[in-house]
Amino acid sequence: MNDDQGLAIAYEEALKSYEEGGIPIGAVLISKDGVVLGRGHNERIQKNNPILHAETSALINAGNVPASVYKTATMYSTLASCFMCSGACILYGINRVVMGENKTVQGGEELLVSKGIELINMESEKCFQLMAKFISEKPHEWHQAHPEEFQVDE
């Protein structure tokens with residue numbers, strides 16, 4: 001499986017979250033042999049769970065796989081992984097992360113690279129446009145998690 005195919009699966013998950021009324025971020029963990037180990041999407045809004053991000057959802061849905069599988073798998077996410085999700089990738093020894101874009105928000109890119117993780121930014125306009133649409137429709141939902149970006153005129 002190539003990176004475009006992996007990101008397409010993550011994008012399907014992002015659309016699922018958007019259709020559920022959630023933040024449109026999707027992720028998928030794929031083995032070196034192209035097997036989908038786990039896929040998921042951000043469910044912070046849907047389940048009122050501040051740590052149920054796309055990457056953590058994909059890891060939960062992958063179940064308990066051997067460490068050797070994590071080390072050769074790739075985590076695909078439609079948006080740059082936050083520090084929590086970057087930490088989860090580090091914790092499980094995932095050595096390759098592919099993000100759809102990081103124009104919307106910067107995450108733990110430097111942390112991942114500092115730990116020797118291969119990081120690829122697909123600079124996907126499709127991923128960016130979906131996030132931009134959500135943020136314009138539900139700015140308070142987005143900015144609840146990113147208050148430093150939100151200014152309210154009084």
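Let's start with two helices: α1, residues 3-19, and α6, residues 125-137, have axes that come within 11 Å and cross at roughly 15°. Helices here are DSSP runs of H or I, at least four residues, numbered from the N terminus, and axes are lines fitted to C-alpha atoms over the stretch in contact, with angles from 0 to 180 degrees between N-to-C directions. This is a predicted model, in which local features need pLDDT of at least 70 and side-chain atom pairs count only at pLDDT 80 or more, while totals for chains, interfaces and linings use all residues. Residues are numbered from 1 along each chain as its sequence is written, and side-chain values use heavy atoms, leaving out hydrogens and water.

With that angle, α1 and α6 are roughly parallel to each other (angles under 35 degrees count as such). Their crossing is left-handed, meaning the near helix is turned anticlockwise from the far one by less than a right angle. On the α1 side, Leu-7, Tyr-11, Ala-14, Leu-15 and Tyr-18 make the contact (heavy atoms within 4.5 Å).

Now for the cysteines. A disulfide is a covalent bond between the sulfur atoms of two cysteines. Searching the whole structure turns up zero disulfides, taken as pairs of cysteine sulfur atoms within 2.5 Å. Cys-89 is in no disulfide either, with the sulfur of Cys-85 nearest at 7.2 Å. Cys-85 is buried, at 1% relative accessible area (buried means under 20%, with a 1.4 Å probe and protein chains only). Cys-89 is buried too, with a value of 1%.

Definitions and conventions: Buried means under 20% relative accessible area, exposed over 50%, partly exposed in between (1.4 Å probe, protein chains only). Angles under 35 degrees count as roughly parallel, over 145 as roughly antiparallel, 65 to 115 as roughly perpendicular and the rest as oblique.
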